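Please look over the sequence and the model shown here before reading on. The paragraphs after it are meant to be read with the structure open beside them.

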Amino acid sequence: MFIRRILFATAMTLVSTLVAAQAMDNDYYQARATPQTTELLSAVEKYHLQPALDKMHSKFYSAAWGDLNFILNYFPNHPRALLLMAQLCDLWRNPKCNMGPHFDKALQRTPESEGLHLTKGAYLQKRGRLDEAIESYKKSLAINPSSAYAHYNLGLAYAAKKQFNVANEHAQQAYELGDMPPGLREKLMAARAWKPAEKKPAANEKAGDETAPAKTGADAAPAAPAKPAAAIGEKPLEPDTKRDEKTQQ
């Protein structure tokens, strides 16, 4: 055990030396453009990302904050570190854990990241800042109008404001686009505001015609796109950061 501690301390010293020689405020999505930033990203993730998650699970929130803040100093738009930091702030509720500056720096780097806007919206919504959350969700939708996550969260935000007609519109789109959890639908049904959208007949079918033969073979319609993973309950959904990473590369 003593030897392992010495080795770990030595490794951390080497990482600190490596990192100290690197510039801060690097773009996560361009990190693999040079060997130096590739090595830097690998080091900060190896020694700070999983350790931060482990410390959160152990409720060592201050230490977890130190790890995540370290990563975000060098890669302000690191999606997983941002998501973990937002989750940490929800758990810790310490004034030191302020996500505002982190979101500002991240969005300066990548303003067209739908995931960043969605994460910021979820963070704001959990704090009751509904109008600001709605604006963030709208920015996410402007980048990707087919985001079931953004529509779902917008539906929850509008339902919280008791603007049920608008909430229902986004709910219908969310459930059409993805396999979303039932929380939003149940909330709207309880408010008697759940109104499924009327299905329009296909262009080659007449309204009310139920006898049209099913198409097969080459004439068959393409398979529906894969649905995003569902979250639990009616809480604001967090984005799929891995998907967001792929779209930025």
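Predicted model: local features only at pLDDT ≥ 70, side-chain atom pairs only at ≥ 80, totals over all residues.

Among the buried positions are the run from Leu82 through Leu83 and Leu84 to Met85, together with Cys89, Asp90 and Trp92. Directly after helix 4 comes arginine 93, which has a positive phi, near 55°.

A disulfide is a covalent bond between the sulfur atoms of two cysteines. A search of the whole structure gives 1 disulfide, formed by cysteine 89 and cysteine 97 with their sulfur atoms 2.0 Å apart. The torsion about the S-S bond is -80°, and the link is left-handed. Cysteine 89 has a relative accessible area of 1% and is therefore buried, and cysteine 97, with a value of 7%, is buried as well.

The side chains of lysine 126 and aspartate 90 meet in a salt bridge with an N to O distance of 3.6 Å, and salt bridges that share partners join Asp90, Lys126 and Arg127 into one network.

Lysine 105 forms a salt bridge with aspartate 25, the closest N and O atoms being 3.1 Å apart. Lysine 105 belongs to helix 5 (residues 100–109) and aspartate 25 to the loop between helix 1 (2–20) and helix 2 (35–57), so this pair ties together parts that are 80 residues apart in sequence. Lysine 105 is partly exposed at 32%, and aspartate 25 is partly exposed at 35%. Aspartate 67 and lysine 55 meet in a salt bridge at 2.5 Å, N to O; because aspartate 67 lies in helix 3 (residues 61–74) and lysine 55 in helix 2, the pair ties together parts that are 12 residues apart in sequence. Here aspartate 67 is buried at 6% relative accessibility, while lysine 55 is partly exposed at 26%.

Turning to the aromatic residues, the count comes to 5 aromatic pairs. The rings of tyrosine 28 and tyrosine 29 have centres 5.1 Å apart and planes at 85°, so the pair is edge-to-face. Tyrosine 28 is buried at 3% relative accessibility, and tyrosine 29 is buried at 8%. The rings of tyrosine 152 and tyrosine 175, with centres 6.3 Å apart and planes at 75°, are likewise edge-to-face, and this pair ties together helix 8 (residues 148–160) and helix 9 (residues 164–177), parts that are 23 residues apart in sequence. Both tyrosine 152 and tyrosine 175 are buried, and ring pairs link Tyr152, Tyr175 and Trp194 into a cluster. Arginine 185 places its charged end over the ring of tyrosine 175, 4.8 Å from its centre, and arginine 185 also lies over the face of tryptophan 194, 5.9 Å from the ring centre.

Notes. Residues numbered from 1 in each chain as written. Heavy atoms only, no water. Phe/Tyr/Trp six-rings, centres within 6.5 Å; stacked < 30°, edge-to-face > 60°. Buried < 20%, exposed > 50% of the residue type's maximum accessible area, 1.4 Å probe, protein only. Helix = DSSP H or I, 4+ residues; strand = E, 2+ residues; numbered from the N terminus. Lys NZ or Arg CZ within 6 Å of the ring centre and 35° of its normal. Disulfide = S-S within 2.5 Å. Salt bridge = Lys/Arg side-chain N within 4 Å of Asp/Glu carboxyl O.
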